[in-house]
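Work through the exercises below with the structure open. Each task is followed by a solution in steps.

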Amino acid sequence: MIALAATGITKTYGGFTALSDVSLSVEHGEIRALIGPNGAGKSTLIDALSGRNPCLGRVELMGADISRLTPGKRRRLGLSRSFQKTSIFPRMTVRAQIELAARAVDGSDGMDVLDEFDLRPLADRLAGDIGYGDQRRLDLALAMTGQPHTLLLDEPAAGLSFEESKRLAAHLRDIAARRGVTVVIVEHDMDVVFAIADTITVLQLGQVLAEGRPDDIRANPDVVRAYLGSAA
Amino acid sequence: MLIQCLNGLVYGALLFSLASGLALMFGLRRIVNFSHGALYMLGAYLGYSIATKLGFWPALVLSALALAGLGALLDAAVFRPLQDRDPLIILLVTFGLALIAEDVVQTIWGNDTHSLAMPALLAGIVELPGSSFPVYRIAIIAFGLLVAGGLSLWLKFSRVGLFVRAASFNPTLAAIQGVDTDRVSLMVVAVGAALAGASGVVAAPILSLAPSMAADILVDSFIVVVVGGLGSLTGAFITALILGQINVLGIVFAPEFTALLPFVIMVGVLIWKPTGLAGNRV
C-alpha cells in the first residue's frame, strides 16, 4: 500500500525553481531517504509534503488528497515532521511540549512518549536548557507523539556525534519496524542513510536524479559524480 | 493620597481588562487591532441599552456574549483572510472598522453622552481612614484582578491555554505539531472581544458613554501592550497598574506632564528593552 505519494510537485521562488515536477511514492512501512547536494530541494520537498510551504502538485496520504490541507490537519491525519533546526519551544518544559503535541493530535497526555524516548528524567526541565543531543531526541519524540503513521524527518542527525548518530539510526530502524511507521528522511550523514534506508531518492537542482535501493544508488555513476563522490 | 492610589488602581484594572484582549490577539495573530477600542465602545452602548430593560448584570453578561460573537466574526471574516498580507493592510482595515463602528454608534445612540446606572448591590460607600470610597470602584479593581487571575489560570492549566501559549510563541511550529491555530485564534479573538465588551459595561457607570470613548482609551491600551511586551499578559498587567497610577497621580502632582508621561515611558522602555518589560512571554 502506498502511504505517501507526491505528483508533479513544483515550487518556484520568483525566477528560481526549487522543485520541478518531482514525484515520489513511498510504500507503507518503508524508510525512504532523500539525499542530494545543498540546494537540491530536499527540505523544500519535505515542506511541500508537510504543507508548510504551498506548492503546485498533488500530495496523497494513505490514498487521500491532502494537497490543500493545513500542516495542522495533515499532522492530525498522521503525517508528522521534524525540522533541520529543532522544532522545540525553548521556554516550555519537556513535559509540556510532549503534552502539547499529544493533546493537539489525539487528546492524550503523551506520557508514554516520555518513557519511550527516555525523556522522563528531563521532563520538568525547560527544553531550551537541555543538551543538544537531548533536544534532538525531544524533537523526534514530538514528531512521534500521537502515533503518526508517516514521519518526515529533516536532517535528524545534524550536529550529533558519531555515536549519537548511530544510536539515532538504530532507534529509527526500531521505530519503523515496531510500529510500521513510514519514514521519509533527509540526511547528509551517509552512514545513517545507508544504515536505515530501504530506498533512496537522489535530488539534484530540484529534480529527481535517481531512485533505487541503497546498493544501486551507491553504484550509480551519476549519483557518485553529482553527490556521493568517493565517500560512497 | 490613598484615594488617588485607589483611583489609579481602578483605571489600571480597566486598562488591563481591555488591553489583555489586545495582547492576546497580537500574540496569536500578530495583528495590531485598531478596532479594539470600538469593541469596548460597542460593549458599553449595548450594555446601556440592555441595562435600561433588564438591569446591569444581564447587560454585563449579554453584552460580553454579543461581543464574543462579533469577535469570532471579526477573526473569521477579517483577521484570518488577511493573516498572510502586509500588517499595514490589517492595521488600515481595523482602523476603518473602528470608524464604521463610531458611525454606527452615532446613528443608533446619537452624539449625546449617556450614563449607565451602577447596580444597586454595589452602590454603597466604603469608609476609609479620613475618607470614603465608592464600593463600585473597588468592584472594578476586583474585576481587573478576576480577569488577570482567570486568564492566567486558563492559559496555565487548560488544554486551549497550552495551545495559546505555544501558538503565541511560534504559530507555525504549533500548527506543525497539530494545533488547530485557526480555531485557537478564533477562540482568543472572541475572548478578547468579550473582555473588551465587558470592560465597556463595567466602565460605563463611572465614565460617560460617548462615541469618542473608544479613541480615549485605545491609545493607553496600546501603550500598555507595547510597554508590557507585545503579546505578554504579565507585562500588560504590570504596565496597566503603573499607567493607572501615573494617570491619576500625575493629575495631582504634575498635571502639565500627565498626558506626556506614558509616551515618554513607552519610548524609554522601547530604547532600553525593545521587546517590552516581559519580552515575548505570554
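This is a predicted model: local features need pLDDT of at least 70, side-chain atom pairs count only at pLDDT 80 or more; totals for chains, interfaces and linings use all residues.

**Exercise 1.** Classify the ring pair of A:Phe89 and B:Phe169, and describe the contact of chain A with chain B.

Solution. 
- Step 1: Among the 7 aromatic pairs, this one has ring centres 5.7 Å apart and planes at 65 degrees, so the pair is edge-to-face.
- Step 2: A:Phe89 lies in the loop between β6 (79-81) and α3 (94-105) of chain A, and B:Phe169 in helix α6 (residues 159-169) of chain B, so the pair joins two chains.
- Step 3: A:Phe89 is buried, at 2% relative accessibility. B:Phe169, at 29%, is partly exposed.
- Step 4: The contact takes 23 residues from chain A and 18 residues from chain B. The two chains bury about 1,700 Å² between them, with 69% of it on carbon and sulfur atoms.
- Step 5: Of the area that chain A buries against chain B, 33% comes from A:Phe89, A:Arg91 and A:Leu100, more than from any other three residues.

**Exercise 2.** Which strands pair with β8(A), and how many of the residues of β8(A) are buried?

Solution. 
- Step 1: Strand β3 (residues 31-35) of chain A pairs with β8(A) in the parallel sense over 4 bridges. In that pairing, A:Ala33 has A:Ile185 as its bridge partner.
- Step 2: Strand β7 (residues 150-154) of chain A also runs parallel to β8(A), joined by 5 bridges. Here A:Leu153 stands opposite A:Ile185.
- Step 3: In a regular strand, side chains alternate between the two faces of the sheet.
- Step 4: A:Thr182, A:Val184 and A:Val186 are on one side of β8(A), with A:Val183 and A:Ile185 on the other, and all are buried.
- Step 5: With 5 of its 5 residues buried, β8 (residues 182-186) of chain A is therefore largely enclosed by the rest of the structure.

**Exercise 3.** What is the strand order of the open sheet of 4 strands in chain A, and which strands stand at its edges?

Solution. 
- Step 1: The order is β2-β1-β4-β5, with antiparallel pairing.
- Step 2: β2 (16-27) and β5 (64-65) of chain A each have a single partner strand, so one side of each is left without a neighbour in the sheet. These are the edges.
- Step 3: Strand β1 (residues 2-13) of chain A is joined to β2(A) by 8 bridges. A:Lys11 stands opposite A:Leu19 in β2(A).

Key:
Residues are numbered from 1 along each chain as its sequence is written. Chains are lettered from A and ligands numbered from 1 in the order in which they are written. Side-chain values use heavy atoms; hydrogens and water are left out. Two strands pair if DSSP finds at least two bridges between them. Rings of Phe, Tyr and Trp (its six-membered ring) pair if their centres lie within 6.5 Å; planes under 30 degrees apart count as stacked, over 60 as edge-to-face and the rest as tilted. Buried means under 20% relative accessible area, exposed over 50%, partly exposed in between (1.4 Å probe, protein chains only). Contact means heavy atoms within 4.5 Å. Buried area is the accessible area (1.4 Å probe) that two parts lose on being put together, summed over both.
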